[in-house]
Amino acid sequence: TAPGQQLRALFYALPPGESSFRTVEEVPDYVEKSIPFFIAFIGLEFAVSWVQKRKLSGRINDGISSLSLGILSRLPDVLFRSVDLISYIYIWNNYRLFELPWDSPWTWYLTLLGVDFAYYCFHRISHEVNILWAAHQVHHSSEDYNLFTALRQSVLQKYTSWIFNLPMALFIPPSVFAVHLQFNLLYQFWIHTEVITNLGPLEWILNTPSHHRVHHGRNPYCIDKNYGGTLIIWDRIFGTFEAEDAKVVYGLTHPVNSFDPIMLQLRPLAHIWNTFWATPGFCNKLSVIFKGPGWGPGKPRLGLPEEIPVITGKEVPFNPSVPAYLNCYAVVHFAVIVDLFTELLGTVTMLSQGTVLLRIGFIILSLTSFGLLMENRPKAGILEIIRCLVFVAVYKHGYLRSQFSSLGYAYEV
């Protein structure tokens with residue numbers, strides 16, 4: 001795809017004639033090709049935020065945490081094909097009722113609506129069922145709201161979302177579905193920003209930065225609102241719409257206060273496990289898993305609204321003080337990991353499974369170490385020394401590679 005087409009794909013602005021394909025194999029990887037645009041827009045957001053407010057749109061620790069979670073969420077895709085597509089193609093091949101033409105604009109627009117409605121249903125259930133919320137809450141754990149937050153994703157969420165797309169596999173060709181699955185995801189990148197205030201009449205139909213800011217708020221009026229992906233019409237139809245009003249305070253009602261990507265993924269599951277065993281009665285134990293995160297014995301399914309913590313406007317984001325040199329160190333080493341991760345994505349088909357697993361293990365170790373450094377943990381320095389020694393050993397033996405061969409010596413230094 002040309003750069004102009006890729007840019008329009010970010011805004012769901014590629015018409016049917018430019019984004020219809022006969023087979024799944026012909027569908028471009030729009031998400032991977034968008035990475036340079038993600039970086040460019042993050043830089044643009046920083047610049048606009050500085051001009052508007054004389055401050056940057058994010059913090060180093062939170063930004064590294066969000067990007068770490070984004071990388072972590074993509075690591076399973078290195079080993080396995082997308083569960084969304086595998087399950088969809090299986091239903092299509094074995095159970096389809098009829099076949100809509102892949103090259104018809106009507107099929108294209110119907111799939112746009114179908115994928116977005118499936119996303120609304122899944123997204124809403126992810127907030128209303130505790131075990132699904134345990135995965136989805138990762139995306140809401142940032143106390144900043146910027147384009148970094150868009151890349152903060154759960155490792156586990158994709159293993160439940162695929163179910164909601166299967167009805168379309170009865171009649172919509174996989175190649176059309178594969179395009180819209182990516183477009184729906186890409187559209188949701190640019191709405192994670194504070195620099196765009198209001199889009200006028202478009203606010204009635206589209207999900208916009210204003211609507212999505214409400215969704216990410218922990219103010220009582222924001223809770224469980226605005227689930228739409230590309231379109232806001234589903235929220236207006238089903239009564240979950242809320243317009244932006246009082247200044248939104250971002251993050252979870254009970255903040256996790258960590259930058260460790262593994263901790264952010266697993267702590268909610270540990271909380272459910274402990275609550276499950278501490279709750280008396282078999283039916284109550286099931287309710288801990290399948291009712292809302294605010295549920296408790298004797299409460300309604302989604303909990304009591306009055307138990308949502310009141311917002312005073314004086315909330316202070318989790319922001320441990322670390323020396324400036326440590327921030328610089330973390331940024332430089334994180335950039336090295338991004339390079340190694342990108343090189344892994346590009347060469348995975350040529351590597352042995354042992355090498356792939358080794359690289360994935362090293363990336364996870366690195367992201368964890370950076371998170372602990374950003375929290376100023378006492379043992380973080382020891383883990384970082386171990387990580388650097390591991391790096392030198394595996395790099396010397398050729399198990400890790402940079403995209404830029406000229407940087408090999410610099411990396412070892």
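Mentor: Buried means under 20% relative accessible area, exposed over 50%, and partly exposed in between, with a 1.4 Å probe and protein chains only. Helices (H or I, at least four residues) and strands (E, at least two) are DSSP runs, numbered from the N terminus.

The model is predicted: local features need pLDDT of at least 70, side-chain atom pairs count only at pLDDT 80 or more, and totals for chains, interfaces and linings use all residues. Residues are numbered from 1 along each chain as its sequence is written, and side-chain values use heavy atoms, with hydrogens and water left out.

Helix α7 (residues 130–140) is mostly covered, with ten of its eleven residues buried. Among them are Trp133, His136, His139 and His140.

The structure also holds one cavity of 30 Å³ or more, and the space in the largest cavity is about 80 Å³. It is lined by 13 residues, of which Ser141, Glu143, Asn257, Ser258 and Phe259 are the closest to its centre. A cavity is a set of points on a 1 Å grid over the protein atoms alone where a 1.4 Å probe fits but cannot get out, and lining residues have an atom within 4 Å of a point. Grid points are joined across faces, edges and corners, and a volume is the space filled by probe spheres set on the points. By class, the lining has four nonpolar, five polar and four charged residues; Ala, Val, Leu, Ile, Met, Phe, Trp, Tyr, Cys and Pro count as nonpolar, Asp, Glu, Lys and Arg as charged, and the others, Gly among them, as polar.

As for cysteines, the whole structure has zero disulfides, a disulfide being a pair of cysteine sulfur atoms within 2.5 Å. For Cys388, the nearest cysteine sulfur is that of Cys328, 16 Å away. Cys388 is partly exposed, at 26% relative accessible area.

How values were computed. On a 1 Å grid over the protein atoms alone, a cavity is a set of points where a 1.4 Å probe fits but cannot get out, and a pocket is an open set with protein on both sides within 12 Å along at least five of seven lines; lining residues have an atom within 4 Å of a point.
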